[in-house]
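I opened my notebook to look up a few things in this structure. My entries follow in the order I made them.

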Protein chains: 2
Amino acid sequence: MAAQRSRRRIPEATVARLPVYLRMLGEQFEIGVANISSEELAELAGVNAAKVRKDLSYLGSYGTRGVGYDVEFLVYQIRRELGLTHDWPVVIVGAGNLGQALAGYNGFGDRGFPVGGIVDIDDSKVGSVVGGVRVRHLDEIKQVVQARNISIGVIATPGAAAQDAADSLVAAGVTSILNFTPTVINVPHGISVGKVDLAVELQILAYHEQRRANAAQGSVVRSLSGLSIPGESRRGASA
Amino acid sequence: MAAQRSRRRIPEATVARLPVYLRMLGEQFEIGVANISSEELAELAGVNAAKVRKDLSYLGSYGTRGVGYDVEFLVYQIRRELGLTHDWPVVIVGAGNLGQALAGYNGFGDRGFPVGGIVDIDDSKVGSVVGGVRVRHLDEIKQVVQARNISIGVIATPGAAAQDAADSLVAAGVTSILNFTPTVINVPHGISVGKVDLAVELQILAYHEQRRANAAQGSVVRSLSGLSIPGESRRGASA
DNA sequence: AAACGTTTGTGCATGTTTTCACAAAGCCTG
DNA sequence: CAGGCTTTGTGAAAACATGCACAAACGTTT
């Protein structure tokens, strides 16, 4: 009934939560749950029920008042909205420690992001097979990307090589990049960049640890309700 | 002059950016830059200059008008604020693919988070050495944690084991947890939790890819300025 | 077919984060 | 030491995100 295409824009904070709902809904579907309330889903996802409802309302009015949401239908709608109705093969740049771990991590391909290729600049790594995929040379990245029509690249190189990796990915035609290095990369306008920095996550935790320590020392009182509910956020960049 | 301890609370969004500034400042210091403006730092960190100034203002008034910030002093102040004046050893639960990659990742220890222990529930993994640390059995986690006074734990198990891992960590006395599994974990009030979910990051990118594809198809116009500047965010939880 | 209990969808208030814009404060030059 | 140039620090506005609270909508029971 409502317009099927021309969706209104979904807030970024909601986009970041939809994958979590999707996972929980998938699990529930697996164990035979056909219907779920915002309250139940909120519990599973670790958020507030009103937030669940508002988030889902951006997809359309797919719930039934007094009843809840049809799990299977909701899974379908979220997948559609997130663009997960087909696989998105990814190319990994860097076949070192991290690149190999990522390639070997099944939860990757399982969730619709099969490793479509791995490249490295180091000849000694080229030819070896990690996670069932043969490592090719960085110079061949364009062929790898085009052969499988890849649009997402993952940077798993040392930090110093990150910008080169990004440039190679963009030149090869990739339009989204997930950067695991601590280096901030510059990309042309229109390329999406996501970033995962392990050290940053730990440093945020350290801040809370330290704060806890100070608070305990300074005053006993405040520990009753005020303890941190830390949330983290990271920047994507697009030039 | 200003109170040295008893800091005002720093917004969570700022806490998440301080580590990025810290890294950039460290690099600049290495190459001999003694002074930096908010504009320059903003450029390096990929954010807006006003944001840099406001973020830094939470630390105190450490800049000089007309000049900028003293790099070395700022590094010191940020480190102090984040609680990085001493090391925070971490214990890794799970010596599989990911746990090994994390243990072997030097950027970890280099940044003040040495791997103080690795535990696994699987006897066949116990005793092996990864990243210079011998894997011990999950049952010994309490000794590992207490021997090195560890307060940060990293969960690198399969998703199904995440809650058990969290429970073990908490029981052992850990107060901050970084969870690499897709499972949402429940912890007692007062425990900080950070989460890194690779699949979620990729799904966010997929959303933007798909959106780009739709936009291109629907109308040619909007590509001129409006392309996404995606930001991601993840939840921390605390019960 | 009315009354009831449940649960959605959303308007509104509140809280947080970003951005703007400019006075205040510093250096430098003449 | 005055005038000009630069850059910080921060109020205030705007944008964004969260959470409350309740009317509207549904199924069920009588």
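**Entry 1: around the DNA.** I count a residue as near a strand if its C-beta atom, placed from the backbone, lies within 6 Å of it. I also note that this is a predicted model.

How many residues surround DNA strand C? I find 27 of them. The closest are Gly63(A), Gly66(A), Pro11(B), Arg65(B) and Gly66(B).

H3(A) gives the most, with five residues.

I then sorted the surface near DNA strand C by class. It has nine nonpolar, ten polar and eight charged residues.

**Entry 2: two chains.** I laid chain A on chain B.

**Entry 3: a sheet in chain A.** What is the strand order in the open sheet of three strands in chain A? I read S1-S3-S2, with antiparallel pairing. Strand S1 (35-36) and strand S2 (63-64) stand at the edges. Each has a single partner strand, so one side of each is left without a neighbour in the sheet.

I looked at one pairing more carefully. S1(A) and S3(A) run antiparallel and are joined by two bridges. Asn35(A) has Asp70(A) in S3(A) as its bridge partner. Helix H4 (residues 71-82) of chain A packs on this sheet and touches S1 and S3 of chain A. The direction of H4(A) makes about 70° with that of S3(A).

**Entry 4: strand S5 of chain B.** Is strand S5 (residues 115-120) of chain B buried or exposed? Six of its six residues are buried, so S5(B) is largely enclosed by the rest of the structure. For this I count a residue as buried if 20 or more other C-beta atoms lie within 10 Å of its own.

Which strands pair with S5(B)? Strand S4 (residues 90-93) of chain B pairs with S5(B) in the parallel sense, over four bridges. There, Val90(B) stands opposite Val115(B). Strand S7 (residues 133-137) of chain B also pairs with S5(B) in the parallel sense, over three bridges. There, Val119(B) stands opposite Arg136(B).

Technical notes. Residues are numbered from 1 along each chain as its sequence is written. Chains are lettered from A and ligands numbered from 1 in the order in which they are written. This is a predicted model: local features need pLDDT of at least 70, side-chain atom pairs count only at pLDDT 80 or more; totals for chains, interfaces and linings use all residues. Ala, Val, Leu, Ile, Met, Phe, Trp, Tyr, Cys and Pro count as nonpolar, Asp, Glu, Lys and Arg as charged, and the others, Gly among them, as polar. Copies are superposed by least squares on the C-alpha atoms of residues with pLDDT of at least 70 in both. A residue is buried if 20 or more other C-beta atoms lie within 10 Å of its own, exposed if 12 or fewer, and partly exposed in between; C-beta atoms are placed from the backbone. Two strands pair if DSSP finds at least two bridges between them. Two residues are in contact if their C-beta atoms, placed from the backbone, lie within 7 Å. Axes are lines fitted to C-alpha atoms, for helices over the stretch in contact, and angles run from 0 to 180 degrees between N-to-C directions.
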